[in-house]
Amino acid sequence: MGNDATLDAMDLRILARLQEDGRISNQALADAVQLSPAQCSRRHRRLEELGLIRRYEARLDASRLGLGVTAFVHVTMERGHIREVERFRERVRDMAQVQECYAVTGDFDYVLKVVAQDLKRLSDFLLGTLAQLPGVNGVRSSVCLDEIKCTSALPLQG
């Protein structure tokens, strides 16, 4: 967030409502936050221009689409292979199975959220693709047994 992004309580109300429903009409959003449609539209556009709203997307049901396995994968990289790190990151960005990837502190270098059709396909991906990337020293996975909470909504104050 740049210096231009001074948010007031109304901005936070707009953002909170948009997190609930990104497809809400301007009129419905204005009604929900108790602004005129013109004021609401101006504020909404400003929040987008400031980069506070990255994008709008549909959240799909992975299991209904045949992706019944979710795993969290911990990757360790070989030390001293700095060139492979950027290649690893580029390759991971292009892998459809990888939903999220984070560089982390601790015993591992990266944590990935991966989806697959079944355990066999997960195994094939981990051993045949991910573990074979240049610079990868080790891969450990934890298969998700039950999703308790999954959201992209941020905790907003205001």
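**View A. The buried side of helix H2.** Leu29, Ala30 and Val33 are the buried residues of H2. Buried means under 20% relative accessible area, exposed means over 50%, and partly exposed is in between, with a 1.4 Å probe and protein chains only. The arc is taken from the directions that run from the helix axis to the C-beta atoms. H1 and H3 are among the parts that cover the buried residues of H2. Here, contact means heavy atoms within 4.5 Å. Gln34 follows H2 and has a positive phi, near 60 degrees. Helices (H or I, at least four residues) and strands (E, at least two) are DSSP runs, numbered from the N terminus.

This is a predicted model: local features need pLDDT of at least 70, side-chain atom pairs count only at pLDDT 80 or more, and totals for chains, interfaces and linings use all residues. Residues are numbered from 1 along each chain as its sequence is written, and side-chain values use heavy atoms, with hydrogens and water left out.

View B. H3 has 13 residues, 37-49. At 1.5 Å a residue they should span 18 Å, and the end C-alpha atoms are 18 Å apart, which agrees. The expected span is 1.5 Å times one less than the number of residues. Which residues of H3 are buried? They are Cys40, His44 and Leu47. They sit on the same side of H3, because their arc around the axis is only 60 degrees. Their cover includes helix H1 (9-20) and helix H2 (26-33). Gly51 follows H3, and its phi is positive, near 80 degrees.

**View C. Asp11 in helix H1.** Asp11 has its place in helix H1. Is Asp11 buried or exposed? Asp11 has a relative accessible area of 2%, so it is buried. Its side chain makes a polar contact with the side chain of Arg46, at 3.4 Å. A polar contact is a pair of N or O atoms within 3.5 Å; within protein, one must be able to donate a hydrogen and the other to accept it, and residues adjacent in sequence count only if both atoms are side-chain atoms. Leaving out residues up to four places away in sequence, Asp11 touches Thr6, Arg43, Arg46 and Leu47.

**View D. An aromatic pair.** The count is 1 aromatic pair. The rings of Phe88 and Tyr110 have centres 4.8 Å apart and planes at 40 degrees, so the pair is tilted. Rings of Phe, Tyr and Trp (its six-membered ring) pair if their centres lie within 6.5 Å; planes under 30 degrees apart count as stacked, over 60 as edge-to-face and the rest as tilted.
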